[in-house]
There are 2 protein chains.
Amino acid sequence: MITTLADARALDNADPLYAIRDQFELPSDVIYLDGNSLGPLSTPAREAVERIVSHQWGPDLIKSWNQHDWIHMPLRVGDQIGRLIGAAPRQTLCCDSISVNLFKVLCASLDQFPGHVILSTKDNFPTDLYMVQGIQKLLAERNIELKLVAESELLDAIDSSVCAVLVTQVNFRTGALLNVSALVEKAHSAHAALILDLAHSAGAVPVELDTWRVDFAVGCTYKYLNAGPGAPAFLYVAQQHLGKAVQPLWGWMGHANPFAFSPQYEPAKDISQFLTGTPSILAMAAVEGALKVFEGINLATVREKSLQLSQAFELELERRGLLDYMPSISPTNVECRGSQLSFAHEHAYAICQAWIAAGVIADFRAPNYLRVGFTPLYLSFEELRTAIDKLEHIMTAEIYLQSQFQQRQKVT
Amino acid sequence: MITTLADARALDNADPLYAIRDQFELPSDVIYLDGNSLGPLSTPAREAVERIVSHQWGPDLIKSWNQHDWIHMPLRVGDQIGRLIGAAPRQTLCCDSISVNLFKVLCASLDQFPGHVILSTKDNFPTDLYMVQGIQKLLAERNIELKLVAESELLDAIDSSVCAVLVTQVNFRTGALLNVSALVEKAHSAHAALILDLAHSAGAVPVELDTWRVDFAVGCTYKYLNAGPGAPAFLYVAQQHLGKAVQPLWGWMGHANPFAFSPQYEPAKDISQFLTGTPSILAMAAVEGALKVFEGINLATVREKSLQLSQAFELELERRGLLDYMPSISPTNVECRGSQLSFAHEHAYAICQAWIAAGVIADFRAPNYLRVGFTPLYLSFEELRTAIDKLEHIMTAEIYLQSQFQQRQKVT
């Protein structure tokens with residue numbers, strides 16, 4: 001409950017994560033509810049980039065590949081991410097974009113698993129569906145079918161025709177959280193792979209890839225992992241598929257012996273095979289720096305505060321009567337939600353713009369959702385209450401109808 | 001001629017590019033002959049990264065996508081690269097790795113051009129061949145053939161069975177420069193595409209993609225363009241193929257209307273279709289900064305100095321009798337070479353290590369080549385002469401036989 005300012009401050013005083021915020025370089029006049037879209041700059045991330053640029057690339061030049069172990073960064077940073085998603089070492093890589101990585105694991109699944117159907121959800125993140133559609137066209141001879149169902153129909157739709165179940169753990173619009181474990185069990189019983197998109201999960205909700213027996217996963221580092229705009233993504237391949245499942249983007253870094261410069265590709269037997277070209281060392285330095293913030297933090301504590309934040313937010317909107325105007329489209333059961341809530345309103349875009357103008361950054365998702373992200377590492381209950389004060393004013397005074405808030409920008 | 005120190009200094013005094021070196025943050029105790037592998041840090045590149053991190057991402061967070069026009073960076077930086085490779089605007093993108101971009105243009109070629117043969121050279125850069133081999137396996141039903149010939153046999157090997165001719169303008173081992181224009185003409189007469197890899201060309205030798213009527217090109221920015229380790233690559237698609245040739249990595253950034261979040265992919269009609277996922281803005285900032293060094297520089301002047309440097313180097317090695325021990329494997333005709341020379345020696349790896357220990361950085365390429373890159377923007381004739389002095393000592397005193405120089409590191 002954050003009915004009063006005193007309530008909010010009491011929650012902040014009891015918050016074991018409160019001090020973590022000092023590691024972030026957030027502007028003082030902003031309340032940031034959009035860490036689910038782009039995480040903020042942290043001091044360790046900034047320093048890691050400076051170190052790579054001015055203390056490695058600058059003075060040590062090409063020698064840095066050995067001297068500063070750049071060559072192992074995709075595996076090293078991959079393992080650091082692995083610790084946050086329940087992956088034992090040597091199964092996770094930091095590289096490329098989430099889309100390119102999804103292409104790799106989709107093709108590897110098609111190679112390893114029977115069935116011709118890629119089963120996914122109607123409301124999956126569009127780019128995940130686009131990647132499948134691109135593969136359908138590319139491999140037209142194989143008649144791959146993309147079957148889309150509602151999240152609630154997934155389990156029933158898994159049968160022997162399915163090659164891979166491709167799901168995003170946390171829905172990007174509604175924030176609904178899937179029961180991955182049940183999906184894996186059903187998929188495996190049908191001899192299908194389970195491919196998990198962790199874009200809105202990694203660093204925000206508990207993920208146990210090894211325990212859940214997920215086959216392949218992809219995710220991004222620029223949301224809850226705070227690694228910067230367009231930061232390199234990650235991918236996970238379960239141990240039992242390594243040396244068997246082969247991805248088709250055969251770049252030199254995935255070769256069994258990359259420095260032999262042999263003219264014939266020979267797939268590496270380990271997770272390296274899922275690398276393709278040379279990755280950006282600068283961009284990966286930001287990932288490595290950003291992950292330092294998570295050192296010593298228990299993700300269960302993060303999850304607990306995330307749910308406290310979203311509950312407090314929802315209850316306070318309800319208490320002030322705001323939910324009557326902008327109903328939540330997110331799960332009512334807190335155990336079934338990720339780290340965000342979304343609210344429907346005809347003028348959601350303009351409301352979001354007016355909120356931003358008032359110093360509260362959230363985002364909008366088509367067609368008419370105001371999306372609010374809860375990021376326990378740097379968001380306080382007092383800030384949350386202030387954000388609600390501002391939202392209430394925007395709604396009751398209909399500030400959002402002002403023309404400057406109605407105009408769409410290129411990036412929504 | 002750099003027979004005497006006075007000769008070298010006279011050439012430096014007459015060098016119109018001499019002052020450009022001040023823009024690079026090279027260590028004072030290093031002579032860098034490896035800019036063909038990893039270009040050095042420049043002040044504009046360092047400042048561009050700092051600006052993005054501390055003055056955009058930090059304070060402006062998600063708003064930066066509009067406020068600092070991050071969303072157009074792949075096109076904007078692409079066009080900046082385009083100016084250095086003879087490409088009119090809206091045909092070049094900065095994104096992904098060279099390997100991933102090669103996959104895109106190879107698949108687009110297979111979609112648009114008849115024939116089932118990808119024709120390339122036996123000594124093409126291995127990763128280019130690996131990418132074709134990956135496609136052969138992925139599209140097994142299409143029976144794509146990878147035909148490899150010597151560079152001298154390329155023209156004769158182009159016939160109607162060929163779908164695409166995939167060549168690297170400057171050979172990574174020998175530095176030999178291909179006559180692209182003649183290859184394009186022959187390829188087009190056989191209804192084949194010409195795909196050009198500019199990894200060792202961009203920023204080093206004159207490239208005229210539009211004039212030569214090249215169909216597709218890829219290249220990297222971390223060599224002669226000095227954009228940092230693993231910096232984002234670029235790709236070029238000739239105007240006449242835009243809106244027709246479609247690449248299969250269907251990410252949201254290549255969608256005709258990415259912010260509609262529609263569940264069905266619709267390819268953008270312009271060069272954007274060749275984008276896939278969200279690119280690293282930090283890494284692209286380094287590219288944009290690094291390219292500032294080229295502003296106001298005529299690439300013909302760069303080429304002229306490059307040839308002066310390589311000629312002076314070769315002549316001086318010859319005069320000192322060193323070529324008897326380590327013969328050049330590069331073209332003798334200067335017009336047929338890129339911006340590097342390679343020399344064969346049984347102990348090339350150890351010679352390179354000993355040279356590095358003496359403060360001269362070059363590199364080694366299997367099986368037994370010492371590779372020397374000439375980078376006119378920051379290399380002086382006096383440095384070149386000093387480098388030769390050190391090499392002569394290493395060779396005549398057989399320093400390279402010392403055990404510490406014989407041991408191979410992970411990255412050669």
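Guide: What follows is a set of questions on sheets, domains, chain contacts and salt bridges.

Guide: This is a predicted model, where local features need pLDDT of at least 70, side-chain atom pairs count only at pLDDT 80 or more, and totals for chains, interfaces and linings use all residues. Residues are numbered from 1 along each chain as its sequence is written, chains are lettered from A and ligands numbered from 1 in the order in which they are written, and side-chain values use heavy atoms, with hydrogens and water left out.

Visitor: How do you know that β7 and β8 of chain A pair?

Guide: Strands here are DSSP runs of E, at least two residues long, and helices are runs of H or I of at least four, both numbered from the N terminus. Two strands pair if DSSP finds at least two bridges between them. Strand β7 (residues 216-219) and strand β8 (residues 234-237) of chain A are joined by 4 bridges, so they pair, and they run antiparallel.

Visitor: What makes β2 and β4 of chain A edge strands?

Guide: Each pairs on one side only: β2 covers 92-94 and β4 covers 145-149 of chain A. The open sheet has 7 strands in the order β2-β8-β7-β6-β5-β3-β4 (chain A), and its pairing is mixed. From one strand to the next, the twist averages 20°; axes are lines fitted to C-alpha atoms, for helices over the stretch in contact, and angles run from 0 to 180 degrees between N-to-C directions.

Visitor: Which strands does helix α5 of chain A lie across?

Guide: Contact means heavy atoms within 4.5 Å. Helix α5 (residues 98-112) lies across β3 (117-121), β5 (162-168), β6 (193-197), β7 and β8 of chain A, at about 170° to β7(A). Helix α6 (residues 126-138) of chain A lies across β3, β4, β5 and β6, at about 155° to β4(A).

Visitor: What makes the β9 and β12 pairing in chain B antiparallel pairing?

Guide: β9(B) and strand β12 (residues 369-373) of chain B run antiparallel, and 5 bridges join them. One bridge pair is Phe343(B) with Leu370(B) in β12(B). Helix α11 (residues 299-319) of chain B packs on the sheet, touching β9 and β12, and its direction makes about 25° with that of β9(B).

Visitor: Where are the bounds of the domains of chain A?

Guide: Domain 1 is 5-17 + 298-406 and domain 2 is 48-294 of chain A. Such bounds come from an automatic or database domain assignment. The C-alpha centres of the two domains of chain A lie 31 Å apart, and 22 residues of domain 1 are in contact with 18 residues of domain 2.

Visitor: What area is buried between these domains of chain A?

Guide: Buried area is the accessible area (1.4 Å probe) that two parts lose on being put together, summed over both. For domain 1 and domain 2 of chain A this is about 1500 Å², with carbon and sulfur atoms giving 60%. Leu299(A), Gln340(A) and Leu377(A) supply 33% of the area that domain 1 buries against domain 2, more than any other three residues.

Visitor: How many salt bridges are counted between the domains of chain A, and how many across the interface of chain A and chain B?

Guide: A salt bridge is a side-chain nitrogen of Lys or Arg within 4 Å of a carboxyl oxygen of Asp or Glu. The count between domain 1 and domain 2 of chain A is 0, while the rule finds 2 across the interface of chain A and chain B.

Visitor: Why is the pair Asp111(A) and Lys137(B) called a salt bridge?

Guide: Their side chains meet at 3.3 Å, N to O, which is within 4 Å, so the pair qualifies. Arg9(A) and Glu382(A) meet in another, at 2.9 Å, N to O. That pair links helix α1 (residues 5-13) and helix α13 (residues 381-396) of chain A, 373 residues apart.

Visitor: What else describes the contact of chain A with chain B?

Guide: The contact takes 85 residues from chain A and 85 residues from chain B. The buried area is about 7300 Å², of which carbon and sulfur atoms give 71%. In chain A, Trp57(A), Tyr130(A) and Phe261(A) lose the most area to chain B, together 11% of what that side buries.
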